[in-house]
Each structure stands twice: as structure tokens, then as C-alpha cells.
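I opened the model and kept notes as I went.

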Amino acid sequence: MEYRRIKGTRDILPEEGLIRKRIFSIAENLFLTFGFLPISTPVFEQTELFVRGIGEASDIVQKEMYTFLDRSNRSLTLRPEGTAPVVRAYIENNLSSFRFPSKLFYIMPMYRYERPQKGRLREFWQIGVEVFGAPGPDVDSEVIFLMVEYFKKLGLKNFTTEINTIGCRKCRPLFLDKLVEFLNEHSEDLCSDCRKRIDLNPLRVFDCKNERCITLLKDAPKVSESVCEECLLHFEGVMNHLRMLNVDFEVNPFLVRGLDYYEKTTFEVKSPLLGAQSAIGGGGRYDPLVKECGGEDTPGLGFAIGVERLLMQLEEEGIVPQIEIGTDVYIVSYRGLETKAFEVANQLRKIGIKTEYDYLKRSMKAQFKQADKLGAKVSVIVAPEEHERNLVKLRNMITGEENLVSYDEVVGLIKTMVEKVDERCQ
Ligand code: HAM
């Protein structure tokens, strides 16, 4: 029997693993500068958390969750997103008493049973942040700024930042009445999915990809034009603060987002280079969610970036971070002297120098070939004659220069040589 990975999942191979490590560490450093602290939550949660948190009528809950019964007949779900679990963890661990307002970030895999295609997977990773306890529009703009700054730090140029307001608990019902009235008037011209959405989740019609629906909906009432005074002021505040931070943005009155917990601000960063799945990241404000999940009434907001789409974007823009996959030092040894190679290699590793030697007792020629293949900057040659005199040969692989040194000085000398080569290569 041949085993294959499950449809919509990927193996992250070493080279990509190193690139991801780099982009994660850039994110972590930036988030720490903005005062965000790391959090991780379990891969699975009670199903009810997502049903209540993301919304019964959302596409995720309706058709995309990996839900199963465990051996005690509990309904569990692999997390399709990070916000609801982080809200749960915030409440359960009383994080507000640790620091308030609370700012958290995560880098975690997510699971959605979607139809796999370019940029759309069933297991994918998100880099996300959540803020609890900050009601003002300055924080919305700060969170948007943070996402944009991260993309800029990675060198991305080809993206747009779209923002919108979708109103609050008070004003949205009035807007939905207007929208439903419009949709009912035009129901015959809508696709079958949108017709179903009229009763189930009318706001979602704005996400429809059907050309006829898109054209028709251009004349539909827009949520941003129907929001209350408070929401409007908040939105103006967000835009003013974004201007202060020199963030380029566009208002997209159709940006409603697919998760039901949002209110007021929504935003998305999109790329023209990614095809149909163009959102690299998105987020918004979700003030009712903490209370809805059983906590105190606490405003919340955040974003999540899709790691695989971000990698695609880096590739499209030709700016994938350069990573070093090789070794600093390779130790070549004659037959019978393998133990010396083993000893020196592990001494060097102990002081942080990447070192490899031959595990397979291969010929000298094969070992030198391997040293080249791994891009060694220095090779150490352990040969019988020199070994008898307590000496070993060092070869600078860039200049070809060779030196005989004693075993006592080998570690220190190699350290200096590696540092010098590194300087020259920078
Ligand atoms: P989301 O828009 O569902 O928001 O996902 C955020 C990002 O995850 C998307 O923009 C996309 O880059 C990536 N993504 C989503 N689904 C897939 C998929 N099937 N395959 C590959 N990448 C995908 C959320 O998840 C919210 N929790 C964001 C948030 C945080 N809002 C407030 N706080």
C-alpha cells in the first residue's frame, strides 16, 4: 500500500521550512515591538465554540468544519480560524488580569474543508494578532498599520489595503431590512446561492463571484452608507489615523468578510498577483464576541495572514528571503580516524558552528564532494601523518588556502575563519 498525503494538505520540505522560519521570526520581532505577546491554543476545540463564535450561518460553520466525535462522544472541531479559540483562552485564563488591554499573536495551522485550489488549502497556516479591551479607532488603524508594516518589512510592494465599516448591533438590522427588501425585489436575477442567502445570511451576497450578481449588487444599498452616527465617527477616526500613519488604503463598500463576528471596521490586504484567492490577510473589529463566548463585555479586534498565500506573493514578487541551507565546516577524515572527526565536529557544534562530517565511511573524494555540495566554508582534514603529530589541516574553501594547526587551537581558529568568510560574503 502506498500512503499519500490528504487532499488539500502539503508537506513543508526543508528549504521552505527555513524560509517560513525566517518570515515567522520577522513577524514575531515586529509584533513584540508593538507589545504583542505570543499565545497558542489547542488544534481542536468544542464544536460549539466555532458555531457560536463564527456564526451558524457562515460558510465555515455550514460546510467547512472538520468536526468529529471523540471516544467519549464529544463533538470536537479542528480550528478553522484562530480568533474564537484565542477569545476562549483569553476568558478561560483570565488574561485581562495579567495585562489589560491585552495584545496577543499566534502562528498556527488551521483546517477548513474547502475545495482545494491555488491558494486554498484544507490545512493552512495563519499569522494572526488579537487585541482585547481597546475600543478606539486609533487601535483599528494601528492593527492595520501593523499588518501593512509586516508586508513592507518582507519587501512586498504589490498589494492594496481595503477597508470598510459594516455597522454594529444597533444599526445593522436596519440595513439588513433594506438589503433583504432589495434582494427580494431582484430575487429572480440572483444565483441560487444568493437566493438562499436572503434568508440565511444576506450580507454574504456581497461575496458572490457570479458576474450577474456582482452587476446587480452594484445598485444594492451599501452598509457603509446606512450605519449609525457612532459607527460613522469610528470609521472616520480609523481613516484619519491611517492617514497619520501614511497607510495607503481604499474604501471598499462591498467588503463584508466571511465571519459573522465582525462589526464596525473590516479590512483586507489583497494582491493582484494571486488570482482568485487574492486576500493575503484580513481582519476587523468584533466587539460583541468576548461577551458572546461567556466573558465580560470587552471590545476586540485583530487580523490573520495566510502563510501559504504570503509565500506565493513573495515568490510572485521575486523576493523570497535568501536562506542558508548548507554547513560552515565539513570534516574530512581518513579511514580509521573517524572518531577524531566525530570529536572535533561536536566540539564545534557546541560553540554554535554548523559542522558536518561523514557518517558513512566514504572515500576522501566522496567526502570532499559532500563538503562542496553542502557549501562548507572551511574543511578540516584529519590525515594519519598529521594526526600522529597532533596536527590537522584546515582549508579555506573560498580561497583554497591551507594551514596546519594543532588540535588544541583548531576550534578557536575555525571560529575566526568562519567569521571572516561570513564577513566577506556579506
Ligand atoms: P479569514 O479571512 O477567514 O479570517 O482568513 C485570514 C487569511 O487566511 C485569508 O486572508 C487567507 O490569506 C488565509 N486563508 C483563509 N482560508 C484559507 C485556505 N483555505 N487556504 C489558504 N489560506 C487561507 C480569519 O480567519 C479571521 N480569524 C481573521 C481575524 C483575526 N479577524 C480578527 N482577528
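This is a predicted model: local features need pLDDT of at least 70, side-chain atom pairs count only at pLDDT 80 or more; totals for chains, interfaces and linings use all residues.

**Terms and source.** I take helices (H or I, at least four residues) and strands (E, at least two) as DSSP runs, numbered from the N terminus. Residues are numbered from 1 along each chain as its sequence is written, and side-chain values use heavy atoms, with hydrogens and water left out.

**Chain overall.** I looked up the secondary structure and found 15 helices and 16 strands. Along the principal axes, the C-alpha atoms fill a box of roughly 95 × 55 × 45 Å.

Of the 426 residues, 52% count as buried; buried means under 20% relative accessible area, exposed over 50%, and partly exposed in between (1.4 Å probe, protein chains only). Among contacts (heavy atoms within 4.5 Å) with a separation of 6 or more, 69% join residues 24 or more positions apart.

For charge, I noted 59 positive and 65 negative side chains, with the centres of the two sets 4 Å apart. Lys and Arg count as positive and Asp and Glu as negative; His and the chain ends are not counted. The place of a charge is NZ of Lys, CZ of Arg, CG of Asp or CD of Glu.

**Open sheet.** I traced an open sheet of 8 strands in the order S1-S5-S6-S11-S10-S9-S7-S8, with mixed pairing. Strand S1 (37-38) and strand S8 (250-251) each have a single partner strand, so one side of each is left without a neighbour in the sheet. Two strands pair if DSSP finds at least two bridges between them. S1 and S5 (residues 102-111) pair in the parallel sense over 2 bridges. Pro38 stands opposite Phe105 in S5.

I found a cis peptide bond joining Phe100 and Pro101, with omega about -10°. Asn94 is in the loop between H4 and S5 as well. Its phi is near 50°, a positive value in a residue other than glycine. Asn94 is partly exposed, with a relative accessible area of 43%.

Is Lys264 buried or exposed? Lys264 counts as buried, at 7% relative accessibility. The residue lies in the loop between S8 and strand S9 (265-270). Lys264 also has a positive phi, about 60°, although it is not a glycine.

**Hairpin S15-S16.** Strand S15 (residues 391-396) pairs with S16 in the antiparallel sense over 5 bridges. I counted 5 residues between the two strands of this hairpin, and Gly400 in the turn has a positive phi of about 85°. Leu391 stands opposite Ser406 in S16.

Asn403 is partly exposed at 36% relative accessible area. Leaving aside neighbours within four places in sequence, Asn403 is in contact with Val392, Lys393 and Leu394. The C-alpha atoms of Asn403 and Val392 are separated by 8.3 Å, the two residues being 11 apart along the chain.
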